Amino acid sequence: RRFNSSTPVSLVASARSTTTEVLELTGRQPVSMYLKMDEDNLSDYQCFLRQQIEIFEANADDLQYNAQKMNKAVVLGQVGIRCKHCAHIDPWI
């Protein structure tokens, strides 16, 4: 089943979970994996790579993009990592 941004969050949560509780998102924006203090401990290349990665909270739109080789389905509110430049691209294209 595919979900979109108009699908009620409670419906998505119940479809992906064995419990009937209604899950709520924190609504936090993605955060860069890079920290200024990384420059003290990591190489320039490692710092550059960390600047391209963001930590995000899975929302209703993300639930439909489960990778085929994943052991577990993406869960609403799950924390993940992704390329900040590819975050807006539909993975099915």
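Of the 93 residues of the protein, 22% count as buried, where buried denotes under 20% relative accessible area, exposed over 50%, and partly exposed the range in between (1.4 Å probe, protein chains only). The model is a predicted one, in which local features need pLDDT of at least 70 and side-chain atom pairs count only at pLDDT 80 or more, while totals for chains, interfaces and linings use all residues. Residues are numbered from 1 along each chain as its sequence is written, and side-chain values use heavy atoms, with hydrogens and water left out.

Three helices and three strands are present, taken as DSSP runs (H or I, at least four residues, for helices; E, at least two, for strands) numbered from the N terminus, and the elements follow the order α-β-α-α-β-β from that end. The strands form an open sheet with the order S1-S2-S3 and antiparallel pairing, two strands being paired if DSSP finds at least two bridges between them. Strand S1 (31-32) and S3 are the edge strands, each pairing on one side only. Strand S2 (residues 53-57) is joined to S3 by five bridges in an antiparallel arrangement, and Glu57 stands opposite Val79 in S3.

A nonpolar surface patch with about 370 Å² of accessible area together is formed by Val31, Ile55, Val79 and Ile81; such patches comprise residues with over 30% relative accessible area and no salt bridge, nonpolar side chains being joined within 5 Å, and a salt bridge is a side-chain nitrogen of Lys or Arg within 4 Å of a carboxyl oxygen of Asp or Glu. Ile81 lies in strand S3 (residues 79-83) and counts as exposed at 58% relative accessibility.

Terms used
Patch = residues over 30% accessible without salt bridge, like charges linked within 9 Å, V, L, I, M, F, W, Y side chains within 5 Å. Areas by Shrake-Rupley, 256 points an atom, 1.4 Å probe, with all protein chains shown as cover.
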